[in-house]
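Have a look at the structure, then read on.

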Amino acid sequence: MKRTKFAAAFGALAFVWMLHPNPAVAAIEPIIFENLDNLPADHIRIVLDGQEIPMETKPQIIDGRTYVPLRAVSEGMGLMVEWNEASRTITATNEESTILLTLDSKEAMVNAQAVALDAPLCILDGRVLAPLRFLQENLGYRVVWNGEARLILMSRQDIGEWRYSYFEMTEPYREVEALYINGEKTARIRFNGKYHDAEVAWRLEGYEGTYPFREYERKYIGDVKTPETRYTGTNRTQMVSIQGILIANKTYSLPEAYAPGEHPAAREAFNIMQADAQAAGLSIYVASGYRDYRLQTLIYNRNSALYGQSRTDTFSARPGHSEHQTGMAFDLNTISGSFGKSKEGEWVRDNGHRYGFIIRYPEGKEQLTGYQYEPWHIRYLGIEMATKVYESGLCLEEYFGIPSAYAS
Ligand SMILES: [Zn+2]
């Protein structure tokens, strides 16, 4: 019945546009191929105008070309096929076209016109196979190849088919199909009546790149990522360096386990600075240098007990936030504001950068550094960076454009 209907539409005029597709004619409603299983298959199937063509010999891919059983497919296309043993020729005819193919020849006759085949016919299991492309082009067929399902869809009209697209992210996880026209996905969707068997799972995804480096996980439904994330409650510790400078301030902390000890280059630079100061008749010495996390905890807790937390936070770092834990900070001489007005304090302020040091918490920058003016606290940055920061007149937070404030 399908074939009769097809043959009736197979007029001479129709044949002309199929050879030379005309956009005005191509606007005909697509033929929708329903009930395709779209499942991975172990052999190639051909569905013509929605009907699967029964084939005892399956289509083959030979040298990158798709070969199809000539008789089965031609008959599916409404052609009469005759085999002439003596001339080793095959004639396929319908009302308005005649195709003549000869075994071992790369030339065919289509309506008495010679047409080249890009590959000759071949024989498998006693059946003749022809390149699909030849039939498609000379009979004006569209072909859609669905690789995973190994389905070849053919029609002289536009080919419409519904393929599984996604499932809804809320229960009951309905499956949605998208309409494909000639193998291209369109915006049209429909529910196919099936429900996706979806399992909800939270999978660890990573952690935020800014302090406090909160770890988060993402919701998956089945294997599909959703936009939903949540915090696991764990904060990662991550050290932040900018232009090679390890940052420790109220925003950026160091892990508890980070215990590098005193930095050898910082100590070496201090020793040179101290010798030069001595030559100028000044005495500078380290009153407090490297402190590990545990020691900073003791100091901070003692200060908090004495002065209360909010006052302590203006001069004493919380554990993990102290520059002394980097091994590159030194408190010099007297830990007192008066050091800034001493000859030593002035000399260090004006010359420290030449040895790689800056006054880390300068006067007037309290809101930016998060600390009161500490003329005694120097930080080793290396000569180049210390000189740049010194000459900029900025504190380190300003220079790098970073905050220094506790999260809570
Ligand atoms: Zn200090």
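## Ground rules

Helices (H or I, at least four residues) and strands (E, at least two) are DSSP runs, numbered from the N terminus. Two strands pair if DSSP finds at least two bridges between them.

The model is predicted, so local features need pLDDT of at least 70 and side-chain atom pairs count only at pLDDT 80 or more, while totals for chains, interfaces and linings use all residues. Residue numbers start from 1 along each chain as its sequence is written.

## Overall picture

The protein has 12 helices and 26 strands. Its radius of gyration (taken over C-alpha atoms) is 40 Å, well over the 22 Å that the globule rule gives for 408 residues, so the protein is more spread out than a compact globule. That rule is 2.2 Å times the number of residues to the power 0.38. Along the principal axes, the C-alpha trace spans about 120 × 50 × 40 Å.

Of the 408 residues, 27% count as buried, where buried means 20 or more other C-beta atoms within 10 Å of a residue's own, exposed means 12 or fewer, and partly exposed is in between, with C-beta atoms placed from the backbone. Two residues are in contact if their C-beta atoms, again placed from the backbone, lie within 7 Å. Among contacts between residues at least 6 apart in sequence, 51% join residues at least 24 apart.

Strand 13 (residues 142-146) and strand 14 (residues 151-155) run antiparallel and are joined by 5 bridges. Across the pair, Val-143 stands opposite Met-154.

Elsewhere, 3 strands build an open antiparallel sheet in the order 18-19-20. Strand 18 (200-207) and strand 20 (224-235) are the edges, each with a single partner strand, so one side of each has no neighbour in the sheet. Strand 18 is tied to strand 19 (residues 214-221) by 7 bridges, and Arg-203 stands opposite Arg-218 in strand 19.

Val-68 sits in strand 5 (residues 65-69). It counts as buried because it has 27 C-beta neighbours inside 10 Å. Leaving out residues up to four places away in sequence, Val-68 touches Ile-46, Pro-59, Val-73, Leu-129, Ala-130 and Leu-132. Arg-230, by contrast, is 162 residues from Val-68 in sequence and 54 Å away in space, C-alpha to C-alpha.

A nonpolar core is a set of buried Ala, Val, Leu, Ile, Met, Phe, Trp, Tyr and Cys residues joined through C-beta atoms within 7 Å. The largest one has 30 residues, and Ile-46, Val-68, Leu-101, Ala-130, Leu-135 and Leu-153 touch the most other members. Strand 14 gives the most to this core, with 4 residues. Apart from it lies another core, of 28 residues, among them Ala-269, Phe-270, Leu-368 and Tyr-371.

## Helix 11

Which residues of helix 11 are buried? In this helix (residues 383-392), they are Ala-386, Val-389 and Tyr-390. They cover an arc of only 100° around the axis, which puts them on the same side of helix 11; the arc is that of the directions from the helix axis to the C-beta atoms. These buried residues pack against strand 25 (357-361) and helix 12 (396-400).

On the other side of helix 11, Glu-384, Glu-391 and Ser-392 are exposed. Gly-393 follows the helix, with a positive phi near 75°.
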